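Please look over the structure below before reading the notes. They are arranged by topic.

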Amino acid sequence: MFSTLLATNVPPAAVEPCVQLRQLNHWYGSGSNRRQVLQGVDLSINPGEVVLLTGPSGCGKTTLLTLVGALRQVMDGSVRVFGVELQGSTRGQRQQLRRSIGMIFQGHNLLRCLSAEQNVQMGADLLPDLGYRARRDLARQWLRAVGLEDHLGKLPHDLSGGQKQRVAIARALAAEPRLLLADEPTAALDSRTGREVVDLLKGLARNQNCAVLMVTHDPRILDIADRVVRMEDGQLMDRGQGERLWGAGRLPDTGREAAEG
Amino acid sequence: MSGFWQRRRIPLAWLLLTRQPGRLAVALAGIAFAGILMFMQLGFRDGLFDASVTVHKLFDADLVLMSPRTMSSIGMAGFPRRRLVQAMADPAVVGTTPVHWNLMLWRNPETRRTRSILTIGFEPGDPLFTDPSLAAKAHVLNQQGRVLFDELSRPEFGPIASWFRQGRTVETEVAGKRVRVAGLVALGPSFGADGNMLTSRETFLRLMPNTSPGSIELGLIRLQNGSDPRLVAERLRQTLPDDVAIYTKQGFEEFEKNYWRSSTAIGFIFTLGAAMGFIVGCVIVYQILYSDVSDHLPEYATLMAMGYRLINLLGVVAREGLLLAVLGYLPAWFAGQGLYALVRSGTKLPVYMNTERSLLVFVLILAMCMGSAAMAMRKLGDADPAEIF
């Protein structure tokens, strides 16, 4: 289904990491109300790499995503994305950086007043030097890629949860991101569609050298990961422990059976 | 054209408004209501001021001479009649008409009560009004003691027009002297006078014996076709003595309107009414836009997370304001037209939709919507892209 958009076969380049976290600390509140969310997090993600991030609720996964996504100010430590240091960055710098980052939210966050096609085009509209028709065609192309070519004109309230999620994915991909951040992208999808979507994301990572950092608890998509990172109490667990757990075919935090690759 | 397609974006503001037709209808009703209120208040104000120059507009003149001591049509001072003769020396002047103008007491022949009536005295052979039908009627004024009564005068003057049409001889007292109605004209009441009558200069001087025959209240000057009244007025100002003021016809009307503007509360009252409409509209539009921004805050935050700049989103709200202004103005304008027609037929007040007022109300509605949009934009500061994960 996604072959048309993944026709190119660019080998992953093992160059400088596109995401580098060094001794990243983050907290909410102050004084006695201060709550440490991230503690000394070190993480690097290379272009084209698919990294799954897992861990119990409240362990800091989402905060990590928002910091990598340049959605909040870095408090302590270093976050470099595409070589841009976000510690001490300005609002304008973060906003500019976000144009290179695709985000897929658990709650879709589609614009209710826009059709599926228009929602995706909002992503394509961020691309410079593309005319209106080219952007519209790109939006249609991505919707076709996620299997929604028959739903171009439908408003979000006429789509099922899974269809909305696919529109959100198409919207993120239409902006041709170099880094994709996804928060439980398959949570609302059936197994077949979920598989298609993660295959699409993996294909994107491989063929367009786009790094993917995905928060997930879905055991069916383990096989797409180049690396699985487990987080607990604001810290990344020892990589070896995580790999052993995944290698045993069980999700480290839930004990659920992992899907067969 | 290719540049347009290159830059064209999804009309987000339009879609945000139109995909919620109920809310849009409420917003447009509110803006249209405010617009109608402003149209009516400004229309009444201008209509009342226009009514003060009902007779002024009818004069067949390019320039008008008045005494500098004249404050308004209800207190005309005299000036030497020979100034008109002197004005004739200017090569652009082709004709003049001396006019006597004063308020006199008219006795209602039915109730015997008296009421002030504007009396205009002129030589029946001279052109006075632009309406050519008057010239045909003016000859009856050659007979002393005859008057032409304004049939549009208020009914307090008596059933003059109906009696005259019935063929009855209508005689009454003006300034304590007997006059006979020899015909009817249609001029219309004004601020200063509830009724009007025309008479010959001779009859006028008989009714007002204290008036000096060499003194007149108005001097009408007609110019050659193609002459610039402003230039001729300027020339006459330099040649005529200071005991006479020279106005273009438009300046003559403005002079009268200015008196009523500055000496009555009419301007203040109706401008205040229009301001109330403006404020009501501001509140309505602000409420609509504020709740619209609040409802779509997660979506705006999503757009910011995608890389859209705050200025892009401010632009969306601004365009919503602009669209509301245009869409709300149109029904207000059409309703205003209908209501003006209703007012004209009901009150005889000369209330018409003109370009100036149409533009003024549009600018006010635009300011109302854009100001409200600017205030609603502050809510966009609450859109935090970090909160949407």
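This is a predicted model: local features need pLDDT of at least 70, side-chain atom pairs count only at pLDDT 80 or more; totals for chains, interfaces and linings use all residues.

**Chain B as a whole**
- The secondary structure of chain B consists of 13 helices and 11 strands.
- Chain B has a radius of gyration of 29 Å, whereas a compact globule of 389 residues would have one near 21 Å.
- Along the principal axes, the C-alpha atoms of chain B fill a box of roughly 95 × 50 × 35 Å.
- Of the 389 residues in chain B, 43% are buried.
- Among contacts in chain B with a separation of 6 or more, 82% are between residues 24 or more positions apart.

**Where chain A touches chain B**
- On this interface, 25 residues of chain A are in contact with 20 residues of chain B.
- On the chain A side, the elements that give two or more residues are α1 (61-68), α2 (91-98), α3 (116-124) and α4 (132-145) of chain A.
- The element that gives the most to this side is α3(A), with four residues.
- By class, the chain A side has 11 nonpolar, eight polar and six charged residues.

**The domains of chain A**
- Chain A is assigned domain 1 (17-100 + 179-261) and domain 2 (108-176).
- Between these domains of chain A, 11 residues of domain 1 are in contact with 11 residues of domain 2.
- Helix α6 (residues 191-208) of chain A gives the most to the domain 1 side, with five residues.
- That side of domain 1 of chain A divides into seven nonpolar, one polar and three charged residues.

Conventions. Residues are numbered from 1 along each chain as its sequence is written. Chains are lettered from A and ligands numbered from 1 in the order in which they are written. The radius of gyration is taken over C-alpha atoms; the globule rule is 2.2 Å times the number of residues to the power 0.38. A residue is buried if 20 or more other C-beta atoms lie within 10 Å of its own, exposed if 12 or fewer, and partly exposed in between; C-beta atoms are placed from the backbone. Two residues are in contact if their C-beta atoms, placed from the backbone, lie within 7 Å. Ala, Val, Leu, Ile, Met, Phe, Trp, Tyr, Cys and Pro count as nonpolar, Asp, Glu, Lys and Arg as charged, and the others, Gly among them, as polar. Domain bounds come from an automatic or database domain assignment.
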